[in-house]
Amino acid sequence: MQQLVAGLGLCLAWGCAASLSPWCLSAQLRRPGDFVLGGLFPFGKDTVKLAARSEPTPVLCDRLFTDGLLWALAMRFAIEQINNSSWLLPGVTLGYDMCDTCFEPLVALQPSLLFLTRNGTRAIGVLCDYSEYQPRVTAVIGPHKSDLCLLTAKLFSSFLIPQVSYGASSDALGNAELYPSFYRTVPSDKNLVEAVVLLLNHFGWNWVATVASDDEYGRGAQALFLSMASANSICIAFQGLIPTDPTEPEAGKQLENAINLINSTKVNVVVLFAHSLPAQALLERSLALGLPKKVWVGSEAWLLSDIATSTPGVQSVGTVLGFVMRTGTVPGFQEFVAELFSSMAQEEFCQSSRELSGLGSAEELDTHCRQCANVTLGDIWPMLGVTPTQPVHVAVYSVAHALHRALGCTSKGCPKTAIRSWQLLHFMNTLPFEVNGQSFRFDQSHGTNTGYRLIVWAWRDGTVTYLPVGDYDQSLYVRASQIQFHTADKKEPTSECFRRCQPGQFRRIKGFNFCCYDCTDCPENTFWSSTDSTSCSPCPQHQWAPARSTRCLDRAERFLSWAEPLALCLLTLTGTAAALSCGAALLFLRHLQSPLVQLAGGARSLFALLCLLLQSLGCCLLLGRPSAALCPLQQPCHALCLNGCLSSLLPKALEVTLVTEFPRRAPRLLRWVTHGRAWLLVAASILTQVLLCWCHLHLGPDYLVTDYESLPSEVLLVCGTRSWAAFVLLHGYNSCLAFLCFLCTFMVQTPRRRYNVARGITFATFIYFIVWIFFVAIFATLRTVLRAVTQIGTVLATTLGILGSYFVPKCYILVFRPDLNTGDYCQSLSEEQPEEDRQ
C-alpha cells in the first residue's frame with residue numbers, strides 16, 4: 001500500500017478513523033496550487049467489510065478499491081493536463097486536496113468541513129456576507145454516491161462553492177433552488193427510469209416487480225419508476241427495499257421475504273435499482289431459494305460490477321439486461337496509469353511525493369485492508385475499460401473552463417485576479433465547454449445527459465461479456481434479435497397480468513389493482529384514445545364513431561335529398577298535382593263562359609287552380625338542403641297558396657247558404673258574394689292571411705335546426721318550429737275558412753237533375769280537415785327527414801283532395817259529358833230563387 005499511495009504522487013497520510021468504524025480507511029492527498037480543487041473519493045468502508053469476511057475475496061476487494069483509486073487518478077490526470085496546457089489556464093496552476101469518504105456520510109462530512117475553512121486556517125468564519133470569503137478550495141469534485149451528495153451539497157450550496165459529482169444520479173439533486181451550486185457529469189435517475197419504462201413497453205411487459213436498495217439512490221430511483229410506470233400502464237406486482245449492508249443481522253430475512261413475495265406474484269420481470277453489494281446479495285439468495293428464472297432489468301450501479309457477476313451460479317438467474325451511461329474514453333489516461341505504476345518502484349519518486357505533500361512519515365502508511373495492500377498494475381488494468389473515468393475528467397474540466405472565463409484568460413495568459421467560488425457559477429450555468437473534442441453543457445437541473453447504452457449479460461465459457469444491444473437518447477432503439485433470453489425459444493417472455501385490450505376496447509378495472517381488468521368495447525360515438533385508457537373518449541359533436549372505434553369520423557349531413565327514392569316519389573306526386581292543376585285550368589279557361597264553369601266560380605276557379613299549382617310547386621322548397629334563409633319561407637308560402645284557393649271557394653259557399661238558409665235576405669246580400677264584388681271578398685281574405693304571415697315572421701318563424709342527437713352517424717338538418725302559437729295563428733285562419741265553407745254547404749240539398757256544386761266544396765273541406773288533423777299530430781313529434789316528408793305529403797294530399805273532389809268532376813263533365821254542360825243542369829241557385837218565391 002505504501003507503493004500504491006506513493007504512486008498517486010499526491011498525499012501520504014493513510015490511517016484508520018477508529019472513532020467512526022474499525023474498518024474505514026481515512027486518506028488525505030494534497031498538492032498546492034493557485035486554485036485548489038477538493039476531491040471526495042471512496043476507498044474504505046465496503047472494501048474493508050469484504051476483507052473482513054471469513055472467505056478470501058481478493059477480486060471483490062480489488063474492484064471496490066480500484067474504482068476509487070481510478071477516479072482519484074483521473075482527477076489528477078485532468079489537473080496535470082490543464083496545468084500543462086498553454087491555452088486553458090496559462091500561467092495558473094491547479095492544486096488538489098483529496099480525501100476518503102469511506103462510503104460514510106459522517107466521514108464525508110469531515111473533509112467537507114475542512115474544505116469550507118478559510119484559506120490558510122482550520123476555522124470556518126461565521127459571517128453575514130460571504131461574498132469576499134475565500135475557502136480552502138475553489139471547487140469540489142465528488143463524492144460518488146447520491147446520499148453523500150445530498151449531505152455535502154447543502155454545505156457547499158450555503159457557501160455557493162461549485163460541487164461537481166461524477167456519480168450521484170438522484171433526481172432530488174436536480175433541484176437547482178435547493179442545491180444551487182451542485183452539478184453532475186452523469187445523467188439523472190429520471191433519464192434512467194424513462195429508458196427502463198420504454199424498454200418494458202417495447203417488450204410488452206406490464207406486470208413487473210421492482211426492488212431497490214434502502215439508500216438514497218435506490219429509494220429515489222424506485223419512486224420515480226413507480227410514478228412513470230403508473231403513467232405508462234405498467235403494473236407493479238411487488239415493490240420492496242433490501243438492506244444496503246448484507247452483513248446486517250436482519251438482512252437475510254429481508255432478502256428472503258422479498259424473494260418469496262416476488263415468486264408469489266408470478267412476474268417474469270424484476271427491475272432492480274441497487275448498488276453492487278445489495279444486488280449481489282439478492283441474486284445470491286434468489287439462487288439459493290430456487291427462484292425461477294426471470295428477466296432482471298438493472299442499472300450501471302450493479303450491472304458492470306464484478307461483485308454481481310462473480311456470484312456462484314449467477315448464470316442461472318435468467319436474463320440480465322439494463323442501461324449503462326454512454327461515456328467515452330479519456331485519451332492518454334491508460335498510459336498515465338501505466339507510467340505511475342512503473343514509477344512506484346523508484347524511491348526517488350516516493351520521496352518527492354512525501355516532500356511535495358509535506359505530511360507524515362512511512363509509519364503513517366498503514367491500513368487494515370490487508371487483502372488490498374498489494375494492488376498492482378495487473379490488478380487495475382482490466383478495470384480501466386470498465387470503470388467510467390470520463391465523468392471525473394469532465395468534472396475537472398468544467399471547473400477549469402469556468403475559471404478560464406471568470407479570469408478572462410487569453411492565449412497569452414491569465415490575469416492574477418482573486419476569484420471567489422461563487423463567481424464561477426454563472427459561467428458553469430450558461431456556457432458550454434469542450435473536453436477532448438466533445439461538447440458538454442449543464443442543463444437546467446445542472447446535469448449532463450450523454451445517453452445510455454442497453455447491454456445484456458452474455459456468457460461464454462463462464463465469462464461474462466457486456467453485449468450492447470441498444471441505445472437510449474430521448475428515444476429507445478433496441479436490437480432485439482441480438483438478445484438471447486433464457487426461454488426455450490430464446491424469445492422474450494411475457495409478463496402480463498391480463499391480455500392487452502384490442503384497439504377499440506377500454507379497460508374496465510376489476511378490484512383494486514388497475515392491471516386486473518376486463519376488455520370492453522367502446523360504445524357508439526366514443527373512441528379508444530390510447531392503450532392505457534380506462535374509458536372511451538366521447539367524440540366531438542360534429543363527429544361520430546361506430547362501436548369499438550379507434551377514431552371519430554365526420555358526420556354526414558342528413559336531409560331530404562333530391563336523389564332519394566322517397567323524394568323522387570314525392571316529386572312524381574308533385575308533378576301529378578301540378579299537371580292536374582294546369583290541365584284543369586286550361587280546360588276551365590277554354591270553357592270559361594260555359595254554364596258549368598260559371599257555376600263553379602268562373603274566373604275565381606281559375607285563380608283557385610293557379611293557387612293549387614303554386615302550392616304544388618312550393619313543395620320543392622321542402623326538398624334539398626334546408627338553409628336559414630329558406631326555412632322561414634316554407635310555412636307562409638303554403639299558407640298563402642292554400643288561402644288563395646279557399647278564399648276563391650268561400651263566395652260560392654256563402655252564396656249557397658244565403659239562398660238555401662236565408663232566402664228572404666238573399667236578394668240584398670247576394671250581390672256581395674257574386675260577380676265582381678266576390679273578388680273583394682277574396683282580396684280581403686288574402687290580405688288578412690298576408691298580415692298573419694307577417695305576424696308569423698315576427699313572432700316565431702321556422703329556423704334551421706342542426707340536430708346531432710336524433711341520428712347516430714349523421715347530422716340532421718331540418719326546419720324547426722320556433723313558436724307553435726305563431727304556427728297556429730298562421731294556419732288557423734285557413735282552418736276557419738275551410739270550416740266556414742263546410743258549414744255553408746254540408747246540409748244543402750239540390751233539386752234532382754241539377755248539378756250539386758255544394759257537394760264538391762263539402763268534400764274538399766272535409767278532406768282538408770282529415771289531412772290536417774293527421775298532419776298536426778305527426779308533425780309535432782317528428783325530428784327526422786320524415787318531418788319534411790310529412791309536410792310535403794300534407795300539401796299534396798290537400799291539393800289532390802281539392803282537385804279530386806271539386807275540380808276533377810267538373811273536368812269530367814266538360815270532356816266526357818258535354819251534354820250536361822247546359823243551363824238547365826248547371827243553373828245557379830241564385831237564379832232559381834225568384835221563381836220559388838213567386839210560388
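Predicted model: local features only at pLDDT ≥ 70, side-chain atom pairs only at ≥ 80, totals over all residues.

Modeller: Happy to! Arginine 817 is partly exposed, at 35% relative accessibility (the class between buried, under 20% relative accessible area, and exposed, over 50%, with a 1.4 Å probe and protein chains only). Its salt-bridge partner is aspartate 819, with 3.2 Å between the closest N and O atoms (the term asks for a side-chain nitrogen of Lys or Arg within 4 Å of a carboxyl oxygen of Asp or Glu). Aspartate 819 is partly exposed too, at 48%.

Residues are numbered from 1 along each chain as its sequence is written, and side-chain values use heavy atoms, leaving out hydrogens and water.

Across the whole structure, the search finds 15 salt bridges. One of them joins arginine 136 to aspartate 97, with the closest N and O atoms 2.7 Å apart. Because arginine 136 sits in the loop between α4 (105-116) and β5 (139-141) and aspartate 97 in strand β4 (residues 94-100), this pair ties together parts 39 residues apart in sequence (helices, H or I, of at least four residues and strands, E, of at least two are DSSP runs, numbered from the N terminus). Both arginine 136 and aspartate 97 are buried.

Aspartate 214 and arginine 219 also meet in a salt bridge, at 2.8 Å from N to O. Here aspartate 214 is partly exposed, with a relative accessible area of 40%, and arginine 219 is partly exposed at 38%.
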